[in-house]
Amino acid sequence: MGLRRLEFDTLKLLLCVILLGAPGFGQAPAEATRDLSVLVGKSVMVDSTPVIQRISVATPEVADAIIVNPHEVLINGKAAGSTSLILWQQGGGRIFFNLHVRPDLQPTTQQLQENFPGGNVQLSFENNTWFLRGTVKDAAAAERAQVITATAGKVVNLLQIETPAAEPQIMLKVRFADVDRAAVQDLGANLLSMGALNTVGSISTGQHAPPSRSTIGGPAGRDVPFTLAEVLNIFAFRPDLNLAVTIRALQQRRLLQILAEPNLVTINNREANFLAGGEFPFPVVQGGSSAGAVTIQFREFGVRINFLPVITPRNTIRLRVRPEVSSLDFSNALSISGFTVPAIATRKLDSEVELADGQSFIIGGLLDSRVIENFMKIPGLGDIPILKNLFRSRSMTKNNTELMVMVTPELVQPFEDGKAPPSPKIDLPFMQIPGQKPITNPRVKGAETQPPKGVNR
């Protein structure tokens, strides 16, 4: 019974195979999918040994296919993208292609090579996007490469920037020398009568305060006191004549020298400035709703320098230097609402030079020479021969100032880690405690601050 049933199942299976056909029977095996690339606006030929009966392109907007003859197909790239291409051959065979249409990299690559000769910039196109890869020297170069590539479509910038070297530093040594010479000559005379020739009075040019009587019209036969308002160089009094004279004859010379030696350090193409001086309050009268109100502002004065260094491709230093020396000038002061506001006497210049490392230049000849002379006399009496000098006064002031600036730029490097920088020379230790250990620098092993030569701790 079991044997008959097995024969029946085998017969039924054989009948099904004959009627329905076994899987794969009568079908031509499909070939593996191939990759095919073509540039936009370019064409490529596909050959087939069997006769091509039919073709199909999944996305006609990306590419189109034309049967040139029974064994050749022409593929034209129309737009960037990917699609599928299928060829049916005589006898049932089929060929499958992954067709990739890519833009032409040559124009963009050529532009990158021209703008970055010898550079490491690679360009690729994937998923309708341009990719920039490689290394450039700075952010400006990376931005320029992206702008060039953006003319062809969407760009992803994957460029790496080289770590730039430290910017060079420039130290500017400046020497200010301001010499001020002044000479003053002063000559004047005052006469005072205490009753000579029965006359009481005084004669003065008014430039210097004359003596004055403290009592007018005293009793006869008694002395009349008088007061000296200013102690002058020469004073003479004849009691028998009741006549006094004061003579002022002064001569003064002055020499003032202002010297500043600032050293400034800044990075290439960065401005630095220095000011040795101060600020003075400057009253400002307000307007508008606060008309009449006075507020205080501060104005700077003193020795100032601003400089901007630029290192040129010739390895020289181009400097724009603006030194200035200013001081308060009370001789030209202004009074506002009871406030005395001094003027500012200023000497400054703006110059641009180019020097090598360590070279110097001097700016001199900034002279200010002034002569001020005041002459006063009593009309008539000041013209009497021989005696005219008693009725005249004269003062003369001569000022001669000169400013000189010497500038020396130098390229400098910071001290290496572990190297102790030089310390300023101190003649005597500051607040030295007997028996105290030397001060150590924790950053430098074994380094101690030593006293100057010839000074014991």
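**Close-up views of a predicted model**

**View 1. Glu271 and Arg322 meet in a salt bridge, N to O 2.7 Å.** A salt bridge here is a side-chain nitrogen of Lys or Arg within 4 Å of a carboxyl oxygen of Asp or Glu. The pair links distant parts of the chain, 51 residues apart. Glu271 sits in the loop between S17 and strand S18 (272–285). Arg322 belongs to strand S20 (residues 317–336). Strands (E, at least two residues) and helices (H or I, at least four) are DSSP runs, numbered from the N terminus. Glu271 is partly exposed, at 46% relative accessible area. Arg322 is also partly exposed, at 28%. Buried means under 20% relative accessible area, exposed over 50%, and partly exposed in between (1.4 Å probe, protein chains only).

This is a predicted model, with residues numbered from 1 along each chain as its sequence is written; local features need pLDDT of at least 70, and side-chain atom pairs count only at pLDDT 80 or more. Totals for chains, interfaces and linings use all residues, while side-chain values use heavy atoms, leaving out hydrogens and water.

**View 2. Arg175 forms a salt bridge with Glu261.** Their closest N and O atoms are 3.9 Å apart. Arg175 lies in strand S11 (residues 169–194), and Glu261 in the loop between strand S16 (243–260) and strand S17 (263–267), so the pair ties together parts 86 residues apart in sequence. Arg175 is partly exposed, with a relative accessible area of 23%.

**View 3. Arg304 pairs with Glu300 in a salt bridge.** The closest N and O atoms are 2.4 Å apart. Glu300 counts as partly exposed, at 37% relative accessibility. Side chains of opposite charge can pair when their charged atoms come close.

**View 4. Salt bridges link Arg314, Arg318 and Glu354 in a network.** The structure holds 7 salt bridges.

**View 5. Thr149 is found in helix H3 (residues 139–150).** Thr149 is buried, at 0% relative accessibility. Its side chain reaches the backbone oxygen of Ala145 at 2.9 Å. Beyond its neighbours within four places in sequence, Thr149 contacts Thr108, Leu112, Leu123, Trp130, Leu132 and Val155. Contact means heavy atoms within 4.5 Å.

**Setting of the views. The protein has 3 helices and 24 strands.** Buried residues make up 26% of its 457 residues. Of the contacts with a separation of 6 or more, 61% join residues 24 or more positions apart.

Definitions and conventions:
A polar contact is a pair of N or O atoms within 3.5 Å; within protein, one must be able to donate a hydrogen and the other to accept it, and residues adjacent in sequence count only if both atoms are side-chain atoms.
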